[in-house]
Amino acid sequence: MNDVLSYELERTVKDIHIFLSKLSGKTILITGATGFIGSMLTRLFLVSNMKYGTDINIICSVRNIEKAEALFSNLKNSEQLVYITNGLVACNDSVDYIFHCASVTASKIMIEKPVETLLTSIEGTKNILNLAREKKCISVVYISSM
């Protein structure tokens, strides 16, 4: 992680640490955790854990564990960060909050397969909402940069 990103994450965490402290001891599931927004959220929570001891447990739903490990290796606390790759079926833990950041982001795919792209988004969100109901989540946040 470069110095500018590190500085900005630390500054942001300092500004919102009172809010983040309310998540202490909670488990957060982040889908699309290696994407742009998902990776920033993951880093934000990890920095909060490191700097303020917020003890936020993070489950990252990713397609590629190696990519995730490369992104978060300098921030990883093995007890607070777990990766799942084979879909949400593998999510056996309790989940308090879900940040749903997964989506198709390749413009080429969106143009060539617009219906499939939309259906993927709808089905993925439906699966997240079903998981939230099953886990009795406190809240779900749907985030998209597209």
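Mentor: Let's start with threonine 117, which touches Val104, Ile109 and Met110, leaving aside residues up to four places away in sequence; touching means heavy atoms within 4.5 Å. Keep in mind that this is a predicted model, where local features need pLDDT of at least 70, side-chain atom pairs count only at pLDDT 80 or more, and totals for chains, interfaces and linings use all residues. Residues are numbered from 1 along each chain as its sequence is written, and side-chain values use heavy atoms, with hydrogens and water left out.

Threonine 117 is part of helix 5, residues 114-135. (Helices are DSSP runs of H or I with at least four residues, strands are runs of E with at least two, and both are numbered from the N terminus.) Its relative accessibility is 15%, so threonine 117 counts as buried; the cut-offs are under 20% for buried, over 50% for exposed, and partly exposed in between, with a 1.4 Å probe and protein chains only.

Now follow the chain past helix 5. Lysine 136 sits in the loop between helix 5 and strand 5 (139-142), and lysine 136 is exposed, at 69% relative accessible area. Its phi is near 55°, a positive value in a residue other than glycine. That's worth a glance, because most residues other than glycine have a negative phi.

With 37% relative accessibility, aspartate 55 counts as partly exposed.

Helix 2 itself covers residues 36-52. Its buried residues include Leu41, Leu44, Phe45, Leu46 and Val47, and among the elements covering them are helix 1 (3-21), strand 1 (27-31), strand 2 (57-61) and helix 3 (65-72).

Stepping back, the protein chain has 5 helices and 5 strands, running α-β-α-β-α-β-β-α-α-β from the N terminus. Its C-alpha trace spans about 45 × 35 × 25 Å along the principal axes. Buried residues, like threonine 117, make up 36% of the 146 residues. Finally, among contacts between residues at least 6 apart in sequence, 73% join residues at least 24 apart.

How values were computed:
The expected span of a helix is 1.5 Å times one less than its number of residues.
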